[in-house]
Amino acid sequence: MPSFEVGESIPPNTAHAVSVSLPTWKSNIAYEEGEDWVVSRMAAGYPRFFIHKSIKQLESLIVEKHATANQSAMLFPCSNAARRCQDFILAPNAGANVRVLDFRLHQEKNTSALLSRLMPTLSAVLFPTDLFPLAKQYWQHTGDGISSRHAEFCTELLSNDLLTCAQQKQQSTDTAVKPFRGPRRYQTESTTTVPSPPKSKPSPPPESQESTQFLEERFGRNLNVTLVGQAKTAICRRIVGSITDPTPQEDGTTSPCTACDNVYLFSGGMNAIFHTHRALLDCRGAKKSVSFGFPYVDTLKVLQKFGPGCFFFGFASDSDLDKLEALLRGGEKILALFCEFPGNPLLVSPNLRKIRALADEFDFAVVVDETIGTFANVDVLQFSDVVVSSLTKIFSGESNVMGGCAILNPKSRYFEALKASYGRVYEDTYWAEDIIFMERNSRDYRDRVDRVNANAELICSVLQGNKHVKDLFYPKFSASKANYDACRRPNGGYGGLLSVVFENAQQAEKFYDSMAIAKGPSLGTNFTLCSPYAILAHYTELGWAAEYGVDANLVRISVGLEDKDELRETFQSALNAIDSSS
């Protein structure tokens, strides 16, 4: 298996990679503490935490042309997102010089039919540089920021005066305008786009129809960016096909069917959660929510910082459910309950059947993040009003593009109200090129899930019973297995994520450092990837995380598609390294 240098993109030589190599325990700590020997070498990073070099380049151009002294910029794909960031910065800093600039395609100079079709937009928030940490919080928590491909595209447009600032009066010119046909990669055939069909062939079908010729016969190649409508349809159909299962459950019921127009695509999983919360506030009023189970870090932050706040039940246990029920019977009215199925990183599966019963009795919505379980393994829509997922993970697998989705349950009591709310709050800002990559990556999603399920169980068999392993977390061996099985599809497995805790910190570090695999943030990749999860996600709050069972020395393992014998040898070798160091 390959290993990577500190700061190298994962996958290597990938311009828009969503992970970065932190190959030793010490490099993870150094990253969290901002040490130069790690930070200065980072070619990539997880996009909500790491601002990509193409985004920084575009920020620099805008700051140079439009900012005053000691100002920085944060970039967004639309004006409304930028203004939400502006409000977030100003809330504790009333009177600060925080401006929003909106950039639009310069129609007089544009000679490209492609640009006219894509209609690229860009909005920048300019703020005093000392407020950058606050602006970065908004970027990280909400996922509203611009994508690196979008920034790369707009940089070339701005450099060629094809984007104009809406807040500034356009200057007319009598000089001839040099024709510009858009970014160079769209002017000729390249390895990243499919060439247009010869004129003798029929024209592609309307965007509302999926074209077999372009979506299946071109397997392994990206669609032409002009076919982004077909790519969206294909993605939504894959999601719907995965979540709609006509097989009866044990109680005789079947999964709720849904349609593509009930699937909303976002630029990332956290962005789907953020906007689902906004939609619920819009249709149900300002009430606190419940964060149930130990959550991925930013879900809790969204519920705490955007709206009236939340109640946190960090164990997702039966005892927590009893406490929640007592709160509700005491008269507390809540907006919604947000949970993961199973949770990250402890792989605890909440009792969705009981949660659904409480929601029906006490009138609150249930939002389930199924990223870890994934559509192909579990059916959580039957117990949910909204299902959210990070498509960045196993749905894509390639670790080179972000994406997310929210799926409305048409049988929900809130369905009509939520549809209306999404009509008010939803903006389709998912960048065309990112959609094209997501469509290509997800074509073999179901087959990859089956292989990952099998490989994860293999790794568990290697770790189980080892004298150095203190705890092993995996849904199949969890105390909450019955809750998982209540949602597991007839042919579904237990997913590709597991976590291991060793007897002491030295063993965890030796195991991690000895692993001859990719090591960095993210999960759901086609290759096996691990990280010291608590160090990366909760470095400044390790004591708090430990209160909920998340050990500071926990190693999280996202299992890939490698050969079983190769995986077995790799993990056994890392365990042997602990023995040799004792």
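Here is a friendly conversation about how parts of this predicted model pack together.

Student: Which residues touch the most other members of the largest nonpolar core?

Tutor: Good place to start! The largest nonpolar core has 155 residues. Those that touch the most other members are I239, L498 and F511.

Student: Which helix gives the largest share of this core?

Tutor: Let's look at where the members of this core come from. The largest share is nine residues, and they belong to the helix spanning residues 445–463. That helix is α16.

Student: Which residues is F511 in contact with, leaving aside its neighbours within four places in sequence?

Tutor: F511 is one of the residues that touch the most other core members. Once its neighbours within four places in sequence are set aside, the contacts of F511 are L463, V500, F502, V555, F571, A574, L575 and I578.

Student: Are α10 and α14 roughly parallel or roughly perpendicular?

Tutor: Start with the geometry: α10 covers residues 269–284, α14 covers residues 415–425, and their axes are 9 Å apart. The helices pack at an angle of about 115 degrees. An angle from 65 to 115 degrees counts as roughly perpendicular. So the term for α10 and α14 is roughly perpendicular.

Student: How many nonpolar residues does the contact of α10 with α14 have?

Tutor: On the α10 side, the residues include H275, L280 and C283, and on the α14 side they include A417, Y422 and V425. Sorted by class, three residues of this contact are polar and three are charged. The number of nonpolar residues is seven.

Student: Is the crossing of α4 and α6 left-handed or right-handed?

Tutor: Helix α4 (residues 79–90) and helix α6 (residues 132–142) pack at an angle of about 135 degrees. They are therefore oblique to each other. Their crossing is right-handed.

Student: Which residues in α6 meet α4?

Tutor: From α4, the residues taking part are A81, R84, C85, F88 and I89. The contact as a whole divides into seven nonpolar, one polar and one charged residue. The partners in α6 are L134, A135, Q137 and Y138.

Student: Is T299 buried or exposed?

Tutor: T299 lies in helix α11, residues 297–305. Beyond residues up to four places away in sequence, T299 touches M270, I273 and E340. Its relative accessible area is 7%, and the cut-off for this class is under 20%. So T299 is buried.

Conventions:
Residues numbered from 1 in each chain as written. Predicted model: local features only at pLDDT ≥ 70, side-chain atom pairs only at ≥ 80, totals over all residues. Heavy atoms only, no water. Core = buried A, V, L, I, M, F, W, Y, C linked by side-chain atoms within 4.5 Å. Buried < 20%, exposed > 50% of the residue type's maximum accessible area, 1.4 Å probe, protein only. Helix = DSSP H or I, 4+ residues; strand = E, 2+ residues; numbered from the N terminus. Contact = heavy atoms within 4.5 Å. Axes fitted to C-alpha atoms, helices over the stretch in contact; angles between N-to-C directions. Parallel < 35°, antiparallel > 145°, perpendicular 65-115°, else oblique. Nonpolar A, V, L, I, M, F, W, Y, C, P; charged D, E, K, R; others polar. Left-handed = near helix turned anticlockwise from the far one by under 90°.
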